[in-house]
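Please read this briefing alongside the sequence and the coordinates.

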Amino acid sequence: MQLQDTPAEADFRRRLREWLGKTLPELPPPPDPSDWPGRRAFDTQWQRRLFDAGYAGIHWPVDAGGRGASPSEHLIFLEETEHAGAPYVGASFVGLLHAGPTIAAEGSPDQRARFLPPILRGDEIWCQGFSEPGAGSDLAALRTKAVRDGDSYVVSGSKIWTSHAEVADWCELLVRTDPDAPKHKGITWLAMNMDAPGVTVRPLRTLAGTTEFAELFLDEVRIPVANRVGEENDGWRVTMVTLSFERGTAFASEAVACRREVRELARVARAEGAWDDLELRRALAALSAEFAALWRLVQWNVSEASADGVPGAGGSVFKLRFSEARQRLYDLAARVVGADALVEGAWTAQRLQGLSYTIAAGTSQIQRNIVAQRILGLPKGR
Amino acid sequence: MHFQLTEDQRALQAGLREVLTRHEPDWAELAEVGLFTLRVPEERDGIGLGLPEAVLAFEEAGRALVRGPLVGTELAATLGRGTAEFVAVPARGPLLVPHLPELSCLLLRERDGSVTVVPAGAIHARPARAVDPQRPLWELTGPPPEGERCTDAEAARLTAEGTLLTAALQCGLAARALAEAVRHAGRREQFGQPIGAFQAVQHLCADMLARAELARVAVYAAAVSADAEEIAGAKLLADEAAVHNARDCLQVHGGMGFTWEAPVHLLLKRAWAWEQAVADRDSCLDALAGHL
Ligand SMILES: Cc1cc2nc3c(=O)[nH]c(=O)nc-3n(C[C@H](O)[C@H](O)[C@H](O)COP(=O)(O)OP(=O)(O)OC[C@H]3O[C@@H](n4cnc5c(N)ncnc54)[C@H](O)[C@@H]3O)c2cc1C
């Protein structure tokens, strides 16, 4: 067991820190959360800067356009960018952390050449069209249908909760290609151009007041067969690849962010007098220990995966504990700021947004089912 | 960074698990396998390993619910002393010493953080009725006798390492509680199926795993960094994992868990005892708050 940087890692860290110190002050102020075109412009500009400096897709394979960095360097990147207060991946999330890695792992050489470079350069934004009104936790119940017609699939149906759909160029879309096959067998993974005729995007207003996600209506949308990733009807397996990236390190940098937020909240508590409240002070201390441990868990999981290629129990454990701890952090922030928690402000916005953590990317109940059945081997109920 | 066990560490872990679970080892056997001399340099007849290895060993001792003054004796060995307990003066309640007749000395930590080495023979105490039947207690009847005061640096080291080793015991205990719960849930049938098929039971067990894993990684990291703040956090998480997991394990066992027939109550009682040992919850929290 060791946590120290090797000389090469230390060197990487130093250069990255220098670059961040020089680059971050040059960035424009971040846009308002409700200004999606503004957010897209901001996030893609940041992605372009990372690309030009050689930091885009840091852990992607070199032949997929990445830097091919080691898992440790990937973690250093997440740690340092977060410490320095660099922008979050934002609108680039699905492309960089979901669709891109999936195409890198499962796509054809043509697909890799077509789709990966624009993701890395920040030229194209992706969204995730998995959930449907009738298929949430039970994702394989999806019904959006695709019928083969020559070189195309003709797709009709609807998707929901599609994050960033308003500004996305592409959608990783799950469709049903065989209505008669068993639930998990008739699904196919397609890359859909959001500008294709028949695609309608209806933004949904979240409880935080933003339009974080949208509904998609698909009316006989033609998607070239060449945009199919993996085999027809083999989409569930491809999806599991996608989801393993989601549960892998997709939320890792947020664990670092939370450590920063706890310290920030302690500073606010001192300024507001809340620090004298012993119970509150201790609650903050307990959270700081939890976030420190969550970051160690990320390091453990990444080291474990790099040893034998198989992610351990850690992914679901991390997701479960992280989402609940982060919600506790914002509830605590509300106690620190007192009456101000009822007025719209930065901590309140975080508190509202945070309500999604135990729902999005697999609810906490679903994570517990996974841990109990797949890791602990408890029997399935009748 | 490579935050995984080395081959040697895995071998140590597996070897100890074998020895400690085959039958309940007596004190001589524990000394024989080197539980207390892991960190003593080889020229002083020790094994010459580090804090991470000691943590792995104590995790196994916790899993096997080994009795006796484990942590104090390991610390005393680094000072060239014999069997010992590390006892912190509590914020409230009497000063209690476990296993007093077996001790050669006491590492006594005052509220101000100082540590003195007190000869056990000079202590006046009467037996107290301990909740944990495998961890008998003696209550001091007068002020503790004079001892040899450690330097501040030594006191800080002993406290940090004692806290960490106790946290390691708790990690082992938490994992054991989970294993007992899963075993029982897979066997006990109600409503025509194993209770482990019920989601309410599955979710109890899933939370137990999440607690145990997070605490384990926190303890390993603290052993590598030897950082005081990280050690306090690790103890906090390990205590939570042990106490909560033992409690949930009892719940999964139903009425059986409330009897002496099942070993579950021993897990909970020991988790309570180790929770108060060396650095308790409040002192860990205050230490952590001090770093914020
Ligand atoms: C902010 C946000 C962004 C999102 N972004 C996207 C996106 O970009 N693309 C996309 O495809 N999806 C997205 N989602 C959808 C997300 O994946 C689903 O909301 C989630 O999987 C839950 O599905 P559901 O909302 O239909 O809830 P339901 O599945 O209806 O669940 C409702 C409740 O029932 C519980 N429940 C359901 N089944 C079980 C079970 N078997 N055992 C125990 N409890 C159960 C759930 O835990 C939950 O408490 C997003 C969601 C949010 C909140």
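The points below are grouped by topic, after a short note on conventions.

This is a predicted model, in which local features need pLDDT of at least 70 and side-chain atom pairs count only at pLDDT 80 or more, while totals for chains, interfaces and linings use all residues. Residues are numbered from 1 along each chain as its sequence is written, chains are lettered from A and ligands numbered from 1 in the order in which they are written, and side-chain values use heavy atoms, with hydrogens and water left out.

**Interface of chain A and chain B**

- Contact (heavy atoms within 4.5 Å) involves 48 residues of chain A and 48 residues of chain B.
- The two chains bury about 4300 Å² between them, with 64% of it on carbon and sulfur atoms; buried area is the accessible area (1.4 Å probe) that two parts lose on being put together, summed over both.
- Of the area that chain A buries against chain B, 20% comes from A:Met1, A:Arg282 and A:Trp300, more than from any other three residues.
- Between the chains, 19 residue pairs are in polar contact, both residues being at pLDDT 80 or more. A polar contact is a pair of N or O atoms within 3.5 Å; within protein, one must be able to donate a hydrogen and the other to accept it, and residues adjacent in sequence count only if both atoms are side-chain atoms.
- Helices H3 (71-83), H7 (252-272), H8 (278-308), H9 (314-337) and H11 (364-375) of chain A each supply at least two residues of the side that touches chain B. Helices (H or I, at least four residues) and strands (E, at least two) are DSSP runs, numbered from the N terminus.
- H8(A) gives the most to this side of chain A, with 18 residues.
- By class, the side of chain A that touches chain B has 24 nonpolar, 12 polar and 12 charged residues. Ala, Val, Leu, Ile, Met, Phe, Trp, Tyr, Cys and Pro count as nonpolar, Asp, Glu, Lys and Arg as charged, and the others, Gly among them, as polar.

**Salt bridges**

- Six salt bridges cross the interface of chain A and chain B.
- B:Glu230 and A:Arg296 form a salt bridge at 2.6 Å, N to O.
- Within chain A, A:Glu82 and A:Arg260 form a salt bridge, with their closest N and O atoms 2.4 Å apart. A:Glu82 is in helix H3 and A:Arg260 in helix H7 of chain A, so this pair ties together parts 178 residues apart in sequence.

**Sheets of chain B**

- Strands pair if DSSP finds at least two bridges between them; three strands form an open antiparallel sheet in the order E2-E6-E5.
- E2 (96-98) and E5 (125-128) of chain B stand at the edges with a single partner strand each, so one side of each is left without a neighbour in the sheet.
- E5(B) pairs with E6 (residues 137-140) of chain B over four bridges, in the antiparallel sense, and B:Pro127 stands opposite B:Trp138 in E6(B).
- Four strands of chain B form an open sheet with mixed pairing, in the order E1-E3-E4-E7.
- Its edge strands are E1 (84-88) and E7 (148-149) of chain B.

Conventions:
A salt bridge is a side-chain nitrogen of Lys or Arg within 4 Å of a carboxyl oxygen of Asp or Glu.
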